[in-house]
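User: I would like to go through this structure with you, beginning with the backbone and ending with the cores. Please keep the answers plain.

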Amino acid sequence: MTDWRRRYREGHTPWDLGRAHPELVRRLAAGELRPPRPGARALVPGCGRGWDAAALAEAGWQVTAADVVEELREAVEALLGSGGGFLARDVLEPTFPEQPFDLLFDHTFFCALQPRRRPDFGRLARRAVAPGGLLVSLVFPLDRPAAEGGPPFGMCPADLRAALGPEFVLETDEPVPGRFGGRAWDSRWCRFRRVVRSSPEKRPEP
């Protein structure tokens, strides 16, 4: 199991770009991911130092930036200001959250999980994303061979679809131009919407 606290203490954080992911910044500037209403809530699991969470807060989301590393709190809260707060918690615990979110934004969280724990991510999404809400993922490292291990573990959009299940419909699956922070693998931008399918109407017994 990865000791994330030790990695931050030692400065061994190659996933940290030192800024919000440029593709998130570009799409927010283009008007994507607008909050559907004032006070709409976004969850950023595995938020790290909070760069992506801060970009979403600046765009008008009320952000919960979650990470298991309590020592990140001061830096993340300074970035978020009044746009959200930091939560030191393992969001994969089945008691999380108390209220659903309108958006779950994943960047280097799914790929940090051991592949056997990916179903836990799907369960989190089904608990945490409100009906009609969005799950957006920067899919990375795209198709990295399993033999290379991780984290980050190789992933592709099909891995997300398998974890999320039929309650999530893929709306956007597009390549991310360029590589950032010395990353050796490509990325894709995937946006899913949660839908709740009505059960077939039962016919009366004859």
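User: Where is the place of Pro-97?
Analyst: Pro-97 sits in the loop between β3 (84-88) and β4 (101-107). Helices (H or I, at least four residues) and strands (E, at least two) are DSSP runs, numbered from the N terminus. This is a predicted model, in which local features need pLDDT of at least 70 and side-chain atom pairs count only at pLDDT 80 or more, while totals for chains, interfaces and linings use all residues. Residues are numbered from 1 along each chain as its sequence is written, and side-chain values use heavy atoms, with hydrogens and water left out.

User: What kind of peptide bond joins Phe-96 and Pro-97?
Analyst: The bond between Phe-96 and Pro-97 is cis, with omega about -5°. Phe-140 and Pro-141 are also joined by a cis peptide bond, with omega about -5°. Pro-141 is found in the loop between β5 (129-139) and α6 (157-164). As background, most residues other than glycine have a negative phi, and most peptide bonds are trans.

User: On phi, then: what is the value for Leu-33, and is the residue buried or exposed?
Analyst: Leu-33 has a positive phi of about 60° although it is not a glycine. Leu-33 lies in the loop between α2 (22-29) and β1 (41-45). Its relative accessibility is 8%, so it counts as buried; buried means under 20% relative accessible area, exposed over 50%, and partly exposed in between (1.4 Å probe, protein chains only).

User: And Asp-143, buried or exposed?
Analyst: Asp-143 counts as exposed, because its relative accessibility is 52%. Asp-143 has a positive phi of about 60° as well, although it is not a glycine, and its place is in the loop between β5 and α6.

User: Let us turn to α6. Which of its residues are buried?
Analyst: The buried residues of α6 are Pro-157, Leu-160, Ala-163 and Leu-164. Seen down the helix axis, they fall within an arc of 125°, so they line one face of α6. The arc is that of the directions from the helix axis to the C-beta atoms.

User: What covers them?
Analyst: The cover for the buried residues of α6 includes α5 (118-128), β5, β6 (168-175) and β7 (188-194), where contact means heavy atoms within 4.5 Å. α6 is followed by Gly-165, whose phi is positive, near 85°.

User: Change of topic: how many aromatic pairs are there?
Analyst: The structure holds six aromatic pairs. Rings of Phe, Tyr and Trp (its six-membered ring) pair if their centres lie within 6.5 Å; planes under 30 degrees apart count as stacked, over 60 as edge-to-face and the rest as tilted. One of the pairs is Phe-109 with Phe-121, which is tilted, at 6.1 Å centre to centre and 45° between the planes. Phe-109 is in the loop between β4 and α5, and Phe-121 is in helix α5, twelve residues apart.

User: What about Phe-110 and Phe-121?
Analyst: Phe-110 and Phe-121 form an edge-to-face pair, with 5.1 Å centre to centre and 85° between the planes. Phe-110 and Phe-121 are both buried. Elsewhere, Trp-4, Tyr-8 and Trp-15 form one aromatic cluster.

User: Which residue lies over the face of Phe-101?
Analyst: Arg-41 lies over the face of Phe-101, at 4.0 Å from the ring centre. A charge sits over a ring if NZ of Lys or CZ of Arg is within 6 Å of the ring centre and within 35 degrees of the ring normal. Arg-183 lies over the face of Phe-140, at 4.5 Å from the ring centre.

User: How many disulfides are there?
Analyst: There are zero disulfides, a disulfide being a pair of cysteine sulfur atoms within 2.5 Å.

User: Finally, which residues touch the most other members of the largest nonpolar core?
Analyst: In that core of 31 residues, they are Leu-24, Leu-33, Leu-56, Val-63, Leu-103, Phe-105 and Trp-189. A nonpolar core is a set of buried Ala, Val, Leu, Ile, Met, Phe, Trp, Tyr and Cys residues joined through side-chain atoms within 4.5 Å.

User: Which element gives the most to this core?
Analyst: α3 gives the most, with four residues. A second, separate core of 27 residues includes Leu-104, Val-129, Val-139 and Leu-160.
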